[in-house]
Amino acid sequence: MSTLPFEIGQKASLIKRFGAAEVEAFAGLSEDFNPLHLDSAFAATTPFERPIVHGMLLASLFSGLLGQQLPGKGTVYLGQSLSFKQPVFVGDEVTAEVEIITLRSDKPIITLATRIVTAAGALAVTGEAVVKFG
């Protein structure tokens, strides 16, 4: 039995909208200037038809949730798996969610399901995070 003050099924979430300015800032920070994210004319020639948010920018929301909400301050990332299911368009609102799925009884290590869901309810990103708390 875990001695951590957490329970399987416990969740935290946040709602976010990434506009063009955030996507451009992330491009500069990550050096990912793929025109699919930044150029409306180029994006119009792709199956997406308009610019999409970088997948890793979306996934960065998990870091905020883990470090600020669940488990919270002092959390250290040990690993993260990601699967990108569908695009999120620049300007679209998303909900990022983490949910505890495993608690280690021998160490303060937690595994959480990670999800990004669009405002329309479509699953855009899934994965699992493993973190150490405390």
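**Reading the model, term by term**

Tutor: Gladly, and keep in mind that this is a predicted model. Let us start with helix α4, whose buried residues are Leu57, Leu58, Ala59, Leu61, Phe62, Leu65, Leu66 and Gly67.

Student: What covers the buried residues of α4?

Tutor: The cover includes strands β1, β2, β3, β4 and β5, together with α1 (20–30).

Student: How do you know that the length of α4 is close to what is expected?

Tutor: The helix has 14 residues, and at 1.5 Å a residue the expected span is 20 Å. From the first C-alpha to the last, α4 reaches 21 Å, which is close to that value.

Student: Which strands form the sheet, and what makes it an open one with edges?

Tutor: Five strands take part, in the order β1-β3-β4-β5-β2, with antiparallel pairing. Strands β1 (11–17) and β2 (76–84) each have a single partner strand, so one side of each is left without a neighbour in the sheet. From one strand to the next, the twist averages 20°.

Student: How do you know that β3 and β4 are paired?

Tutor: The cut-off is at least two bridges, and nine join β3 (residues 93–103) to β4 in the antiparallel sense. A hairpin with five residues joins these two strands.

Student: What about the pairing of β4 with β5, and of β2 with β5?

Tutor: Strands β4 and β5 (residues 123–132) are antiparallel and share nine bridges, while eight bridges join β2 to β5, also antiparallel. Between β4 and β5 there is a hairpin with four residues, and glycine 121 in its turn has a positive phi of about 95°.

Student: Why is β4 called largely enclosed?

Tutor: A residue counts as buried under 20% relative accessible area. Eight of the 10 residues of β4 (residues 109–118) are buried, so the strand is largely enclosed by the rest of the structure.

Student: Is arginine 115 buried or exposed, or in between?

Tutor: Its relative accessible area is 21%, so arginine 115 is partly exposed. Glutamate 99, at 18%, is buried.

Student: Why is the contact between glutamate 99 and arginine 115 called a salt bridge?

Tutor: The cut-off is a side-chain nitrogen within 4 Å of a carboxyl oxygen. For glutamate 99 and arginine 115 the closest N and O atoms are 2.6 Å apart, so the pair is a salt bridge. Glutamate 99 lies in β3 and arginine 115 in β4, so the pair ties together parts 16 residues apart in sequence.

Student: What makes Glu97, Glu99 and Arg115 one network?

Tutor: Their salt bridges share partners. Glutamate 97 also forms a salt bridge with arginine 115, with the closest N and O atoms 2.5 Å apart.

Student: How many salt bridges are there by this rule?

Tutor: The count comes to four. One of them joins glutamate 93 to arginine 17, with a closest N to O distance of 3.2 Å. This pair links distant parts of the chain, since glutamate 93 is in β3 and arginine 17 in β1, 76 residues apart.

Student: Which residues touch the most other members of the largest nonpolar core?

Tutor: They are Leu58, Val98, Leu112 and Ile116, in a core of 27 residues. The elements giving two or more residues to this core are α1, α4, β3, β4 and β5, and α4 gives the most, with seven.

Student: What is isoleucine 116 in contact with, leaving aside neighbours within four places in sequence?

Tutor: Its contacts include Leu58, Leu61 and Phe62, as well as Val94, Ala96, Leu123 and Val125.

Terms used:
Residues are numbered from 1 along each chain as its sequence is written. This is a predicted model: local features need pLDDT of at least 70, side-chain atom pairs count only at pLDDT 80 or more; totals for chains, interfaces and linings use all residues. Side-chain values use heavy atoms; hydrogens and water are left out. Buried means under 20% relative accessible area, exposed over 50%, partly exposed in between (1.4 Å probe, protein chains only). Axes are lines fitted to C-alpha atoms, for helices over the stretch in contact, and angles run from 0 to 180 degrees between N-to-C directions. The expected span of a helix is 1.5 Å times one less than its number of residues. Contact means heavy atoms within 4.5 Å. A nonpolar core is a set of buried Ala, Val, Leu, Ile, Met, Phe, Trp, Tyr and Cys residues joined through side-chain atoms within 4.5 Å.
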